[in-house]
Amino acid sequence: MGGGSIILEVDGIEFSYKSIKALKNVKFKVKGGEITAILGPNGSGKSTLLKCIARILKPKKGAILIEKNNLLNLDSNEVAKMVGYVPQNSNGNYMTVFDALLLGRKPHIKWNVSEKDVEIVSRVLRLMNLEKYALRYTNQLSGGELQKVIVGRALVQEPKLLLLDEPTSNLDPKNQIEIMKIIRDVSKSQNIASILVMHDLNLALRFSDKFLILRNGEILAEGDKRIITPENLREVYGVEVDIIEYNGLPIVVPKDVSNCSSFERTCVDTPVLNAKKVETTISNC
Amino acid sequence: MRFIEITRSFRLCSCLLFLVSLVLGVVAKENSRNKKVYDFKSTNLETHTISEKYREYIKKKMLFGFFLTLTLFLASIYSLCVGDYSLSIKQVFNTILGNGNAQSNLVIWNIRLPRIFAAIVVGAGLSVAGAVMQCILRNPLASPYTIGISHGAMFGAALAITMFGFGGAESIGRVFVSNPYAVTFFAFLGALIGVIVILILARLRGLAPEAMILAGVAMGSLFTAGTMLIQYFANELQLAAIVYWTFGDLGRPLWKDNLVMFGIGIPAFVYFIYKRWDYNALESGEETAKSLGVNTERIRLFGMLIASLITSVCVALVGIIGFIGLICPHMTRLVIGGDHRYLIPISGLLGATLLLISDTFARTIISPIVLPVGIITSFMGAPTFLYLLIKLHGRW
């Protein structure tokens, strides 16, 4: 872990949608092999930040450096060779899974598909466990399979930086874990820096090395899992939580379920809610 | 004698069409059967690697393209033989090789070949333009006609015929357009103006693709209202000329007109093929496309401009031919999938083949009367499309 060189440097970027400021002076650095989770309530600027880094949006101020190159000075195809982006929502279409992954080679393909391109696609298909769907149209897939295809497409790009906007939001628990494991393993083995927008705090705590808490377009806190404190979470989400330790992993448990809105998903999905230990913790409070 | 000839040509034409739809059906069936095998016997894949399977799949697409090319070739030969003045295949080849008599030379070189050429270029042009528009506007209903191009052309033609007196009818009842070039030019202007208004709006106001379609529909109804107003005040002869112009007729373009269509069609086709990966990226969504390095605004602008240009030229020269631009790309998509590397050329081939067969049919079924080919394309294409739609979607 760690030890990677700095891949991404975001230096004081600002962005606004017409008169509404979505990002204010956002600064952070990300190393290779590191998984960073961006946390924050809806509308705090998480997706906007990812889109700025993927050069889908252009920040009004500040610089984004990828391996010391200013993103705005790079040709968009060069950016696509280095940055893979997985959007929040994807739809299937009349393209086979194989072709959908092959699309990830687009920035590298000059005119025709090479042996190497096909080889990489086959490898990623195997990695994502999608072999048996290779020649199916993506509009015939379930939500979980489609999401795997989209993540796979980003991996096929062979990026140095992987940006994922809520990669697990529509998936069942098994697929959530599977996708997160793949992202972690690939990041570590290929020294890719991954940045994920997440709402599931426990999944984030389990798989990420670094956290970035955004509130109203500003960074509230940045650091390792020690910044996930009841105080910080109260401040961004407006809910009271307990943080307990289970099998060496910190687990976020909201105190008053009826009172939390943006948090519901997190607590419902928490498997340990059934554990006695947790029940006692809640009743103690 | 005449009757026998009619039934013969009817049989041959329907045989050709039947063959095309049969192969469409078989390929579609093959595709869906394949999917099921994958479901149940996934272990099967261990013997074949994924990349081999993929190559087989690509080969199938190529085979389909090859089959269409062959059909197009056979249909062209057949179309050269039949008509008011029947020719044998031997005579046709002799004439093409330069050994024909005066009569066959005239029929082949001045009447049938330009007509066949026009059918192929217009069919391919409309179909490819439709495929590209459906992709860049992200709407299955997008076609050269839904965004108001044909209405604009009709308005331009009506304006030229009435206001500027370029059309009329002879006393015998034969309708004519006295200055076809002026009418063509006005139709072309009318067709392009609508699109240019939409593109300027899109550029200045940042219209989303959905809004562009709606703007196209609005422009279309504006032009329709204008045409109706002109028709209301036109005299009978002018009215007849307008209606006559509206029916698409592939016999209208001369060799030089064909060369104009060809000259615009080929570079446009090369451009679309060059950008095939960008269209595939757009198909996966705006943001994904941008993250893959596609300048989506520029692709959309140029795609629309070029697709509209081909359509405008075709519509101005041959009149309105429905169905091809909307349905051919969908038929192709249903059969070989939405990968634009194959979708663009193969929907072009399919459009050319269908239009040529329809036109041959249109001019032989109750010869010497030539039916407007647009009627035939819709009558034959729509049921075929419905059949494919039910066959494929019913299966899933």
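**View 1. Leu212(A) stands opposite Glu222(A), a residue of strand β10(A).** The model is predicted. Five bridges tie strand β9 of chain A, residues 210-215, to β10(A). These two strands run antiparallel.

**View 2. Six strands of chain A make up an open sheet.** Their order is β6-β7-β8-β3-β9-β10. The pairing is mixed. β6 (83-86) and β10 (218-223) of chain A are the edge strands. Each has a single partner strand, so one side of each lacks a neighbour in the sheet. From one strand to the next, the twist averages 15°.

**View 3. Helix α6 of chain A packs on the sheet.** The helix spans residues 173-190. In chain A it touches β3 (35-39), β7 (161-165) and β8 (193-197). The direction of α6 makes about 155° with that of β8(A).

**View 4. Helix α8 of chain A also packs on the sheet.** This helix covers residues 230-237. Its contacts in chain A are with β3, β9 and β10. The direction of α8 makes about 35° with that of β9(A).

View 5. Chain A has 285 residues, and 57% of them count as buried. Among contacts in chain A with a separation of 6 or more, 66% link residues 24 or more positions apart. The accessible surface of chain A comes to about 12500 Å². Carbon and sulfur atoms account for 46% of that surface.

Terms used
Residues are numbered from 1 along each chain as its sequence is written. Chains are lettered from A and ligands numbered from 1 in the order in which they are written. This is a predicted model: local features need pLDDT of at least 70, side-chain atom pairs count only at pLDDT 80 or more; totals for chains, interfaces and linings use all residues. Side-chain values use heavy atoms; hydrogens and water are left out. Two strands pair if DSSP finds at least two bridges between them. Helices (H or I, at least four residues) and strands (E, at least two) are DSSP runs, numbered from the N terminus. Axes are lines fitted to C-alpha atoms, for helices over the stretch in contact, and angles run from 0 to 180 degrees between N-to-C directions. Contact means heavy atoms within 4.5 Å. Buried means under 20% relative accessible area, exposed over 50%, partly exposed in between (1.4 Å probe, protein chains only). Accessible areas come from the Shrake-Rupley method with a 1.4 Å probe; for residues, only the protein chains shown count as cover.
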